[in-house]
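Please look through the sequence and the model first.

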Amino acid sequence: MKIPGFHKADQWISRILSYPGMDKDTLAQKKIYWIASVAVTTMIFCLTLTYHIIFPQLRILIYYGLFLTLVFSQGIIFPIVLRPRGMNTLWMFIDQFLVAVATFIAILKMGGIPYSGGLIFVGLALVFFSLNFWKRTATISIYIVYVVTVILAGAFHPYLTVPPEMTPAVNISLYVINLLWISGFATAFVLSFISRRVKMEQLEAERLKELDEAKTKLYTNITHEFRTPLTIIKGMTELISEKPDQWLEEGLAKIELNTSILLNLVNHMLDLTRVEAGAMPVKMVRGDVNLYIKCIVELFESLAAGKQIRLVYKPCGREAVVDHEPEKLMQIITNLLSNALKFTQPSGRVEVCTKLKDDQTFEIRVADNGPGISEEHLPHIFDRFYRVGESGSVTMPGSGLGLALTRELVKLMQGTIDVESVPGEGAAFTVVLPATRTAPLIDMHEVAEITGRFSEMIPGKFRREDGVPSRKGPSGEKTSGEKPLLLIVEDNKDVVQYLCSLVENEYEVKVAYDGKQGVEKALAFVPDIILSDVMMPVMDGIAMLDRIKKDIRTSHIPVVMLTAKADIGSRLEGLERGADAYLAKPFHRKELLVQLKSLVDIRKKLRERYAPVSDLILPQELEFHREDDFMQRIRKVMMAHMDDDGFDIQMLCRHIAMSRTQLYRKFRYLTDRTIKEYLRTLRLHKARELLLDTDLSVSEAAYRTGFKNISHFSKVFKEEFHINPSEL
Ligand code: ADP
């Protein structure tokens with residue numbers, strides 16, 4: 001339903017009651033109070049007039065009416081004239097209290113509750129009225145006042161006299177009239193209270209919805225900001241592992257840049273949260289800010305020089321000893337300077353200047369002659385996650401959080417930050433801080449310490465422009481060279497890369513990304529050592545270990561198991577199955593290298609055992625039984641073909657059921673000799689045996705041990721035993 005002129009009246013009321021910056025809720029409350037005051041005052045004034053005409057003899061009723069009119073009318077005048085900021089609860093309570101007391105007196109004067117003409121219910125209306133504006137305590141207080149007046153009126157009743165004018169007819173008429181308006185007002189107050197509650201609930205629901213939307217937006221922003229660098233990092237690692245020669249250098253540079261972007265992002269987010277939660281303590285000190293800023297600017301000099309940007313510092317005067325928060329000031333200037341240097345083109349200019357204005361404020365200005373920021377973006381650049389991005393002149397890495405954090409930090413120091421920019425000509429950020437001088441004095445050593453501590457913050461943002469130091473990364477799978485061959489079995493590519501970087505100088509590396517691949521590559525390459533994760537897809541590390549240790553072709557290879565935590569269960573399982581060592585992630589480079597090296601000692605033991613050709617009877621030792629078997633088998637086959645000069649490694653492979661590489665590598669690992677060498681030595685030893693123990697001639701002995709060429713036999717025999725065969 002539309003009441004004509006209602007909107008205009010409403011606007012007018014709003015105008016006369018509001019003050020600049022008043023919130024909606026307070027205005028709504030004030031309006032209800034004001035309108036109710038107008039209605040009640042008018043109502044009471046009219047009634048008083050009416051009573052004066054109808055019951056002129058009832059003086060007390062007229063005085064009472066005039067008093068109430070007076071009390072309620074101040075509810076109309078007071079808010080307009082004084083325009084208080086909020087609702088003055090105490091003032092309202094005094095009003096209501098005065099009305100309650102006046103009502104009580106009127107009731108006594110009229111002869112007590114039965115002759116009150118319904119005035120006894122006025123107090124009840126006050127209670128309902130208070131619901132709209134006050135706190136619960138105020139409503140309860142006014143209710144108590146009401147109850148006390150009713151009890152007192154009841155208690156005084158026997159001592160009261162009823163004035164002669166108060167006839168039953170007058171009383172009942174007054175009852176009817178008063179009850180009508182009182183109940184009308186009470187109903188109106190309760191209804192307005194209910195509708196206000198409903199409205200508040202709606203507002204709350206809207207607020208929650210807005211909050212929810214803001215959260216979703218923040219989430220989307222955050223995930224986006226994380227995903228971009230993560231995607232690049234992931235992509236680069238893949239490229240590096242596929243085409244190391246082509247991608248190693250560039251890939252690593254990109255990974256490094258993007259990790260520092262992520263780190264920056266996380267740091268900024270944490271700082272922002274801390275500032276907002278009020279968890280960022282402000283430790284003001286008094287010191288020479290000009291000198292301090294000089295230290296900070298100096299930290300950027302090499303960066304600026306690297307980009308051929310002229311970095312100029314122009315301090316005001318010589319000294320400016322004012323209060324400041326060194327760490328926050330450092331972050332503020334670092335962010336502004338980082339941006340300025342990031343966006344400014346080579347041979348540009350970045351200027352930092354300070355000003356002490358009227359000794360009241362301290363001003364820091366960071367200006368550049370870069371691309372600037374266009375007008376449409378200017379109002380938003382301090383917003384979280386706001387980046388000018390592709391539409392701007394240059395696309396630069398960033399989180400869009402730097403300026404948001406900067407603004408919060410400036411606020412924390414009671415300052416302000418502003419930006420001016422002419423697109424194409426540059427941007428200038430001005431921080432204005434109050435120049436107070438109350439904090440404790442700081443000595444310059446501490447300043448140096450702080451700048452030193454924070455200097456690490458700087459390079460992150462610039463890696464790309466800086467030119468990445470060309471670091472030699474893992475070169476994936478190499479096969480040539482003298483270094484021992486290490487097989488890494490690990491599904492996490494980052495861990496693989498990390499491991500590679502740790503061992504690349506000492507080992508040649510092969511990589512498998514799950515247990516199955518691990519077994520395959522172990523069989524194909526027969527590495528000198530295997531470094532394997534436990535938890536892996538397709539086939540886990542324990543199952544792989546089992547297969548490797550049970551297979552004669554790979555059983556000799558020492559295996560180091562890696563796992564996320566030193567979890568005893570898998571440790572025992574691993575060791576039972578023959579893992580040679582166990583390493584808990586995360587580990588240090590040294591730890592890993594020591595562990596790997598200790599396995600080299602195991603190899604020494606193996607060599608001592610298997611290298612000698614002469615001794616065929618090996619001491620029984622459980623840990624060696626598998627390799628003993630292997631060596632016995634090899635020797636048996638070799639012995640059986642002693643006289644066959646055509647017997648070669650190929651035939652041995654067939655007998656043993658191993659590939660040439662497998663046999664070669666395993667044999668070499670155990671004995672540190674090649675099969676050919678070993679076979680020849682074995683033959684020579686047999687020939688010596690024949691010469692010593694039998695009557696066979698040199699040529700016969702040579703022939704029986706597969707040497708067809710006698711002079712060759714004599715030559716190698718002499719090399720081996722330092723004696724001519726004929727001398728034996
Ligand atoms: P970012 O990490 O992306 O640099 P900031 O909050 O520090 O985030 O900056 C927000 C945006 O403001 C930047 O993306 C950039 O577009 C713009 N901006 C900030 N400083 C400069 C500057 N000195 N010159 C040009 N643009 C700037």
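A residue is called buried when its relative accessible area is under 20%, exposed when it is over 50%, and partly exposed in between, using a 1.4 Å probe and protein chains only. The model is predicted, so local features need pLDDT of at least 70 and side-chain atom pairs count only at pLDDT 80 or more, while totals for chains, interfaces and linings use all residues. Residues are numbered from 1 along each chain as its sequence is written, and side-chain values use heavy atoms, with hydrogens and water left out. Helices (H or I, at least four residues) and strands (E, at least two) are DSSP runs numbered from the N terminus.

**Helix α16 and the residue after it**

Helix α16 spans residues 515-525, and its buried residues are Gly515, Gly518, Val519, Ala522 and Leu523. These residues line one face of the helix, because they fall within an arc of 125° when seen down the axis; the arc is that of the directions from the helix axis to the C-beta atoms. Among the elements that cover them are β8 (485-489), β9 (508-512), β10 (529-533), α17 and α22 (660-671). At the N-terminal end, aspartate 514 caps α16, with a side-chain oxygen 2.9 Å from the backbone nitrogen of lysine 516. Such a polar contact is a pair of N or O atoms within 3.5 Å; within protein, one must be able to donate a hydrogen and the other to accept it, and residues adjacent in sequence count only if both atoms are side-chain atoms.

Valine 526 follows α16 and sits in the loop between α16 and β10. Its phi is positive, near 40°, in a residue other than glycine. Most residues other than glycine have a negative phi. Valine 526 counts as buried because its relative accessibility is 1%. Glutamine 308 also has a positive phi, of about 55°, and is not a glycine. Glutamine 308 lies in the loop between α10 (301-306) and β2 (310-314).

**Helix α9**

In helix α9 (residues 289-299), the buried residues are Val289, Asn290, Tyr292, Ile293, Ile296 and Val297. They are on the same side of α9, because they cover an arc of only 160° around the axis. Where α9 starts, a side-chain oxygen of aspartate 288 comes within 3.1 Å of the backbone nitrogen of asparagine 290.

**Single residues**

| Residue | Relative accessibility | Class |
|---|---|---|
| Threonine 430 | 9% | buried |
| Glutamine 74 | 18% | buried |
| Glutamine 308 | 57% | exposed |
| Lysine 550 | 57% | exposed |

Threonine 430 belongs to strand β7 (residues 426-434). Beyond its neighbours within four places in sequence, threonine 430 is in contact (heavy atoms within 4.5 Å) with residues including Glu363, Arg365, Thr416 and Asp418. Lysine 550 is in helix α17 (residues 541-550). The C-alpha atoms of lysine 550 and arginine 626 are separated by 8.8 Å, although the two residues are 76 residues apart along the chain.
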